[in-house]
Amino acid sequence: MRVIAKRTLQAFWKRAGCRDARAPLEAWHQEARRAKWTSPHAVKSQFARASIVGDNRVVFNIGGNKFRLVVEMQYRAGIAWVKFVGTHGEYDEINVETVNDY
């Protein structure tokens, strides 16, 4: 998959209190770049704990569920577009189907 935008992940892990997100976000990024997800089922087969939500979005639990990552999947184009990355508390404050934090 082509992942857009790694800079969003980097900006997050550089925030105070979020430095421990770097390793799990980099690991997710590497796995996503190698993946060839063609459907929500394909994502779930690799990340069983991911949540499939509306508007072609997937929520990934990162760092033992300390962080959340919302990605819009464009399966036919092979694109995983990062829409939000945040703490579990920040995630609770957003609408996962409309958030567009890039």
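Predicted model: local features only at pLDDT ≥ 70, side-chain atom pairs only at ≥ 80, totals over all residues.
1. The residues lining the largest pocket are P24, A27, W28, E31, F47, A48, R49, A50, F60, N61, I62 and G63. Two elements, α2 (22-34) and β3 (57-62), each give two or more residues to that lining, and α2 gives the most, with four.

2. E31 and R49 are among the lining residues.

3. Next, please have a look at how the helices pack. The axes of α1 (residues 6-13) and α2 lie 10 Å apart, at an angle of about 170°. Because angles over 145 degrees count as roughly antiparallel, α1 is roughly antiparallel to α2. On the α1 side the contact is made by K6, L9, F12 and W13, and on the α2 side by R22, L25, E26, W28 and H29. These contact residues divide into five nonpolar, one polar and three charged.

4. Finally, the salt bridges, of which the model has six. One to check on your screen is R15 with E90, where the closest N and O atoms are 2.6 Å apart. This pair links distant parts of the chain, 75 residues apart: R15 sits in the loop between α1 and α2, while E90 belongs to helix α4 (residues 88-91).

Note on methods:
Residues numbered from 1 in each chain as written. Heavy atoms only, no water. 1 Å grid on protein atoms, 1.4 Å probe; cavity = no way out; pocket = protein on both sides within 12 Å on 5 of 7 lines; lining within 4 Å. Axes fitted to C-alpha atoms, helices over the stretch in contact; angles between N-to-C directions. Parallel < 35°, antiparallel > 145°, perpendicular 65-115°, else oblique. Contact = heavy atoms within 4.5 Å. Nonpolar A, V, L, I, M, F, W, Y, C, P; charged D, E, K, R; others polar. Salt bridge = Lys/Arg side-chain N within 4 Å of Asp/Glu carboxyl O.
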